[in-house]
Each structure stands twice: as C-alpha cells, then as structure tokens.
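Have a look at the fold, then read on.

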Amino acid sequence: MGDVDAVVVGSGINGLVAAAELALAGWSVTLLERNRDIGGFIATEQRTLPGYLHDTYSSWHPLFVSGPAYAALAEPLRRHGLVYRNTEEWLTASVADDGRVSLAHRDPARTAEGFAHEADRDAYLAALRRLQRNLGPIGGLLSSEPRSPAFVRYATGLLRNGGRAGLEGWLRSVATSGRGYARAEFRGPEVDHLFAPWLLHAGLSPDHASGGFMMPLLAATLHGAGLPVVAGGAGRFLDAFRSLLGSLGVQVETGTHVERILLERGRATGVVAGGRVHRARRAVLAGVTPTALYGELLPREAVDQELRTEAAHFRYGRAAMQLHVALSGPLGWRDARLREIPLIHLSDGSGSTGIACAEAEAGLLPRRPTVVVGQQYLLDAGRVPEGAAALWLQLQEVPFLPLGDAAGELETAGGWEGELARGYADRVLDRIAAHAPDLQDKVLAVDIVTPAQLLAHNPNAQRGDPYGGSAELDQSYLWRPLPRSGRHATRVPGLWHLGASTHPGPGLGGGSGHIVATALTRRRPASLRGLRSRGPTP
C-alpha cells in the first residue's frame, strides 16, 4: 500500500474527528474500520417498521456542539450537509414513581423557578455563574493533554480565578459524589432528581466520585447547548463526515480488521490489516481500548511488563442496552408537560438510580431501572410517519452476565439470549406505562439491542460497556487510560492512543480525536521542524 502521513484505526467519533482535522492540516490519512460502515456507536436504522428512523446507539450531541472539535469542524461539516435540530424551550425532565416531575428549561432562571426553596434557586444559579467564570480553565483541562504544560496552565487559571480556596473547591467537587453534592448544596430534591440520572451518561453512578463536579457541568452544558439531534437521524452525521473526508482525500477502508501495529526500530510505522500493510510516515492513531492496544495489537516487547499488567487490569463499567419502540401516536403522559420534553428520565434521583446501579454492579437485573426516554421526533418530525411517534430507550444499569434478578421474576441462567431480553424490556415498558397509560395501546413494534449485541458491534464495548471503561476517579483525568500512561502519546514513538478509553473519557464530543490532531499539527519552533519527518515522540 502507498505510504500516508497517518493511519487511523477505528472510525468512531474520535477517529473521524482526528482524520478530518489532520486532513484539513494537509496530512494524507488512511482511516480503517472493521465494520461495514463508519461510525462506531453512531447509526440510524429502520429497526422496527418502515418509515421509523431510530438512532440505534447514541443520539444527542450537546457535548459535540459545545466542544473544540466542533469549533474546528463546524463550517466544513455544515458545507457537507450537517444540520441540527434543537429546542429553546424545555429540555429534560425526571419523573419519580409517585408521579413527581422536575423540569429543566434552556433558561436556567426558569429551571430554578421550579424549585420549592428560594435558597436552592439562588444556589443553583450561583453554581452556574461560578462555572461560567471558570469555563475557560475547565474547558482547557478537559480538552488538553494531561500531564502537559497546557494542563498545568489551565489549573493555574483556576487558582488565579478563585485563589487557593477556589481551586480546592474544584478539587473537592471532583472527590465528591453527585448524591453528596446535592445533599450539601441544596435543601430540596429538585437538583438531585433532575441531574443524578444524567450521571449515567458520563459512565458514573450517583455514588461515584466526580459526580459533584459533573452534575453542575452537565447542567451548564444542557442550558448552553440544548439537546441537539441531527436532522434526519444520527446517520446523517456520518454522511457529512464521509463527504468531508472524501473531499479531503482521506482513504476510508471499511470491513478491514487491524491485526497488529508494525514497529521498525521501536517506532510505529503502520499496521497490518486484512493481510495488507498500511504504512504511516508520521503517526499511527489507535482508537481501541488499552486491553486491545497492549494485549493484542502491539508485540510484547514493545512496552514493559508493568504497563502490560496495568492494561490487563483496566476495568470496564456497567453494561447497557437499547430499546426502540414504534408508536401509532404520541404518548398521553399523565403529566401533560412531558408531551413536549425531548428527553425524560424515569427515576427518583440518587435514591432509585443509586440502588439500580448497585444491583447491576452486583450482577443483578434492577427491580426499578432508570429509564432514559428519548422523544427525538419532537425535535425532528421527519423521523416518524405523520401523526406517529417513537421512543429511544436507554438502560445504563444492566449486568453483562446476569447472575440473577433483583425482583425475583426473570430467569437469568441463559443470559441475554432467548426470553430474558424480552422479559426485561417488558419491565421497562411497564415503568413507562405507569406514567403514560396508553402506551400498550400504541406500541406497534419493539426492537432490543442487548449488551452482547453492543459488544458484537463494537469491540471497544467490552462487557457491554459503551463508555470504553469505567469512568471512576482512579481511571479518569490524569489516570486515563492508565496510571503509567496517562497521555495520548504512548511510550511507543509514533503511536497515539485515542477514543473513549482515553482522556477526556466517554461522551459524543470527539475530545480525544481533537487533542491528538492538535498535538500532531501544532506549529513547532524552527529548530525542531527538521525533525518532523521522524514524527512526534511522547
């Protein structure tokens, strides 16, 4: 095969972003994908009935449109057809078992008006203002290479903005759980009820550290960016990238399984895929898990035993599953306000969501799962036939290998094959029907994507974990992916690591792809430019 500047392994959001940004900077790029199509956990399919377009996996793009990858690629993606639909009104809601509803609006003040205690309204708005004042340093920390001068510079910015007490406050929030944060800062239940379930979308539970930092950050992101979905379905996002990459001359090869990374004199110089050699003059970018990178793709002698051991011990989080439901018409929610809400959580807040997470982590099917109910058709009506509706249901608290059912109702011995998936789907639908009693009369078809099917589609979803590894504190920030390799530049010269398993972690933001592309293309001092043909070193 002809040499190129960079070979990118994997075409998830981070691989797409890196390939596009490198190509825009003048690099020649080959992008390799094992599946028949690009996208990782991005796809739109008619999974139930003709005329119903379902986002099979991910759907919402607030992290992307508010991040640096979109800032770099927004204009070219728009030229190649990317269009978003969004709301300027009500965003999200949480519905408790007793029917209590908490609502969030694009306007923070209107959200706070729904809080029972005036002190909570003031505290919520004050937390958002504090975050806004520090958004530059915090955004920089999340979009720069850990253990780098830039990382230190942004941390210093937090110190400059708030002094020692302010910096320690941010550090304490990272060490605090979401449940602890809500208890400490608010008298009423509304903030916990609204945003504790959102921690699931960051791969956390209400009792994991970092929740105290993530809850206000998630709230601010939603207020600022809304809940954008791609017009015509998430698959159109891939169409725009496919067109952009084609215009830039990126060689995209699908159905191509990468078998190993080539090393010459200790440096990564390409990959072997499908029995063919793809050579890279400057860099190989691997969008895989640490388990795969250090246990499968690299030869044993490439790194030391301690690093290989750390990679072998990399932990994966809870599994997830998706349900897609075709409806004859919109649901008649008991609380009529929910009929206009794009994304709803069925949860009591930290209480029920924390229990469901604990049950799943113990290998049990939760009795009262947190149900993420997406009503994307409210923003993008063309996804369903006229007058119809559809639900995008996400369940982020399931075990990969069920050991039992916390409710004592379902037989788990056969795993997700057979009747278990359908039985658990019925439990989920029953939870929705408790708040929308006409559900069963309107269901036309149900499609189930099990944890095993997530893994079959994407090998990065080990044990059905769609977030590329546990996002607990000891496996995040400076320590993601590994304590001994907490950077995207690996110890192998010319080899870069990106994807959800790396900083800044999971989420449809393209953050690691942007970080790697920026590091590879930034201008260097004149004295170093002669070394560029040898490529970057860690």
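A crossing is left-handed if the near helix is turned anticlockwise from the far one by less than a right angle, and right-handed if clockwise. The model is predicted, so local features need pLDDT of at least 70 and side-chain atom pairs pLDDT 80 or more, while totals for chains, interfaces and linings use all residues. Residues are numbered from 1 along each chain, and side-chain values use heavy atoms, with hydrogens and water left out.

Q: Is α1 roughly parallel or roughly antiparallel to α11?
A: Helices here are DSSP runs (H or I, at least four residues), and strands are E runs of at least two. The axes, lines fitted to C-alpha atoms over the stretch in contact, with angles from 0 to 180 degrees between N-to-C directions, come within 10 Å for α1 (residues 13–24) and α11 (residues 235–247) and cross at roughly 30 degrees. Angles under 35 degrees count as roughly parallel and over 145 as roughly antiparallel, so α1 against α11 is roughly parallel.

Q: What is the handedness of the crossing where α1 passes α11?
A: Contact (heavy atoms within 4.5 Å) involves Leu 16 and Ala 20 of α1 and Phe 237 and Phe 241 of α11, among others. The crossing is left-handed.

Technical notes
Parallel < 35°, antiparallel > 145°, perpendicular 65-115°, else oblique.
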